[in-house]
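Dear colleague,

Please find below the structure that I am handing over to you, followed by an account of what was found in it. I would be grateful if you would read the notes with the structure open.

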Amino acid sequence: MRQYRDAKEKHPDGILLFRLGDFYEIFFDDAKLAAPIMGVQLTSRPLGKTGRAPMCGVPHHAWQAYVGKLLHAGHKVVICDQIEAASKNKIVRRDVTRVLTPGTVVEDAYLEPSRHNYLVAAWSRGLEAGIAACEVSTGELLLCQLPKDRLQSELERLAPAELLSPPEIEEYRFDPVRGQQRLKDILGIAYPASVGAQDAPLAVGAVGVVLDYLKQNQTKVAPGSFTVRTYSPDATMPLDAATVRNLELPSLVQLIDRTSTPVGARQLGAWLGAPLRDAESIELRLAAVDELVDAPALQDRLRDVLKPVGDLERLVTRAAQGHATARELVGLRRSLEAIPAVQEALAACSALVTRELAGHVSTAPELASTLARALVEDPPPTLRQGGVIRHGYDADLDEISDASRGARDWIAKLEATERRRTGIRSLKVGFNKVFGYYIEVSHANTAHLPDDYVRKQTLTGGERYITPDLKQREAIVLSAQERIAARELEILHDLGTAVTEAAPALRASAHAIGMVDALLSLAVAAAEHGWRRPEVNAGLQLSIKGGRHPLVERGLPAGVFVANDLELDPDAAQIVILTGPNMAGKSTYLRQAAMIVLLAQCGSFVPAERARIGLADRVFTRVGAHDDISAGMSTFMVEMTETAYILNHATRSSLVIFDEVGRGTSTYDGVSIAQAVVEHLHDAPRLGCRTLFATHYHELTALAERLPRVRNQRVEVLEEGDSVRFLHRVVPGGADRSYGIHVAAVAGLPSGVIARARDVLGELERQRPLEPPDVQLGLPIEMTPDSVRKELEEIDPASLSPLEALQKLYQLRAKLTP
Ligand SMILES: Nc1ncnc2c1ncn2[C@@H]1O[C@H](COP(=O)(O)OP(=O)(O)O)[C@@H](O)[C@H]1O
Ligand SMILES: [Mg+2]
């Protein structure tokens, strides 16, 4: 129990797995917490005189699966193991041998191949924030300083496995001076400037926290452990959670993921999550993709040579951390051996980016040959049996195993030798656990035995003897296994050190190969889906010919999807109001525009005949009803919060998608808010952003007459008697009615209900005769003459927090509702 307490004291915040015999046991509160997560029985054992201690346990040979569950649930796990062989009379020494946390694990068992696994430290001071994102499994350490209001979306993008931030981590630990010291002491980086962090003190402060945490949790960190880079948040587009969800980014990644390696898959995911903002970088990527799209033979060749590279990045790190198994080291060797073929294949590429990447790919022939000489082709899964290292690699090991083999041979031949020596033909050599090897002679023959025979045991049928020679051989055989295992462990450790030395260059290679793989994936997907190269420029126009929604298109039979055009221009057609009945294809049209822009800015080809894209600084989406129940917000509240966020953050170069704003409330409220939002987007001097606005309030179409940069478009439907047919074609002009009842009929509502609805509609229209659209639109506003408008004009959206904006909207709404 002393050992238990000591271990617990060192890591009070982790769940302690304590090795007892063949089990890892978990006690007390840890047990209560862990048992349900691991799905094992919670039991108890006597403690002291009266009490019982809750406990649970897992078999030691299956511990990884259980630990994985704990890590997934976000817990830190501390392994306390026996650190000496069990012996009879004393307590075995135990100590903490491993600390695993969700953000610092390196084993494949706990990681997803195609996803990053970041340990992130983040904090803010004043208007700025600093981030240090570290991926131990790939040896990547990223620094970033950014405006505080962008911290959240950046964290969402990184999706940390573990986040270290105030108040859980005291703020003084983030002190930049302290961080700088850590950078120097631990990573040997004397000046932040050498990793581009001279203007990012807050990020440097965050690095200090990350490094402290790694040290504290037994991760090896030394100069060269990490590739440290500072990135600018301005280079890429921050995507908020709503947009990631609305544009189904994960599905989009899946659609274009044709990577051959996990490194490439992670890179592709990272690119899609961080679209670029400058035309030059995008063009460079597009050119590299373009070259590959038209070269199917090269595509095939690259895929063939990339596949065997495997997860070079994580293999290298695991080996350098000393956690690689012999099998993984063999895997690393195969990876290394695969690199020259990649280099050769890349020589056939001429795009600038590809050529540059090729320059970063280096082989490590010496390391590869060391590993090849050292390790057998197919090592056993554990070290206990020995047999991991090749004969001829290590003299010490060979000596032990030769001696062992010699002794075994000697013992194997002993029966024959002794029969000859004694002339006793029934003499036998055997082995048991108590006495070890022995020579057995029947009672009849014991009279004339050689002098070196020492009697050990008498049985009914005979006597058992040992000889000094036999004991000596036996000692060699029995100790050999342990000594072999120990020596092999040392050798593996040395191999790990050899990997550590080569690690920085290998990581750079892995990174470059990952990028090539991601580029190749973009090309393969583009060719497969028939996408085209977009044209990007620093202007603000958006022109799409024959655009398609990549995901909806795939869900339909070939050729069924109706392609549509789109023109947006802040100076002319700034806002498109898209009307049409439910199910016409409004949402699809909106999303496809945003997806095309995003894909293009990631350097991908796009699902369109032609796309000319003035780059967006951000893409905002407010789509559909999505209840954020966990946060206790109603649909309408969510809708308004997101709307406020957009109005506060969009700029003239943003692309904004509004799908059915105001739907979550009554019609009057809805129309009023929708109209106010459109007017604001049109008139606010800081905005003027390209906007797509879908609505089933056909009343809004009247706005086009008043606001010069608003255009009406509608999704065409064909009226067929009482029913409608959706053409999914977007054409100029507004819809004049909502076809709600038609749609209800298509959906199969009982005909009685449809007929009644028609009656009610007629009744309502008689009471409130259809007015010309503009008058009708004025209706809600007339109730509170101009005061709403005035108030709106007085608002400075830039100075409002989302919450204030929301309050304002509520106030406005209150004015509109009589
Ligand atoms: N351009 C299109 N071509 C073919 N089918 C389409 C197209 N756009 C939409 N659809 C089909 O219509 C359905 C409804 O589209 P959606 O965009 O959700 O309509 P709305 O937002 O107008 O209610 C989609 O699920 C899809 O099956
Ligand atoms: Mg819709």
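**Salt bridges**

R612 and E535 form a salt bridge through their side chains, with an N to O distance of 3.7 Å. Because R612 belongs to strand β20 and E535 to strand β16, this pair ties together parts of the chain that lie 77 residues apart in sequence. R612 is partly exposed, at 32% relative accessibility, and E535 is likewise partly exposed, at 42%. Please note that the model is a predicted one.

A further salt bridge joins E609 to R532, whose closest N and O atoms are 2.9 Å apart. This pair, too, links distant parts of the chain: E609 sits in the loop between α19 (586-601) and β20 (610-614), while R532 sits in the loop between α17 (468-529) and β16 (535-537), 77 residues away. E609 has a relative accessibility of 46% and counts as partly exposed; R532, at 39%, is also partly exposed.

The side chains of R622 and E642 meet in a salt bridge of 2.9 Å, N to O. R622 lies in strand β21 (residues 619-622) and E642 in helix α20 (residues 635-649), so the bridge connects parts 20 residues apart in sequence. Both R622 and E642 are buried. Elsewhere, R333, R334, E337, E377 and R390 are joined into one network by salt bridges that share partners. The count of salt bridges comes to 47.

**Helix α27**

Helix α27 comprises 15 residues (802-816) and spans 21 Å from its first C-alpha to its last, close to the 21 Å expected at 1.5 Å a residue. Its buried residues are A805, L806, L809, L812 and L816. They lie on the same side of α27, because they cover an arc of only 120° around the axis. The face turned away from this buried side carries the exposed residues L803 and A814.

V204 is located in helix α6 (residues 201-216). With a relative accessible area of 3%, V204 is buried. Leaving aside residues up to four places away in sequence, V204 touches P176, G179, Q180, L183, P192 and A197. The C-alpha atoms of V204 and Q180 are 6.2 Å apart, although the two residues are separated by 24 residues along the chain.

On the surface, V552, L556 and V560 form a nonpolar patch with about 200 Å² of accessible area together. V560 is found in the loop between α18 (550-555) and β18 (564-568), and its relative accessibility of 44% makes V560 partly exposed.

With kind regards

Key:
Residues numbered from 1 in each chain as written. Chains lettered and ligands numbered in written order. Predicted model: local features only at pLDDT ≥ 70, side-chain atom pairs only at ≥ 80, totals over all residues. Heavy atoms only, no water. Helix = DSSP H or I, 4+ residues; strand = E, 2+ residues; numbered from the N terminus. Expected span 1.5 Å × (residues − 1). Buried < 20%, exposed > 50% of the residue type's maximum accessible area, 1.4 Å probe, protein only. Arc of directions from axis to C-beta. Contact = heavy atoms within 4.5 Å. Patch = residues over 30% accessible without salt bridge, like charges linked within 9 Å, V, L, I, M, F, W, Y side chains within 5 Å. Areas by Shrake-Rupley, 256 points an atom, 1.4 Å probe, with all protein chains shown as cover. Salt bridge = Lys/Arg side-chain N within 4 Å of Asp/Glu carboxyl O.
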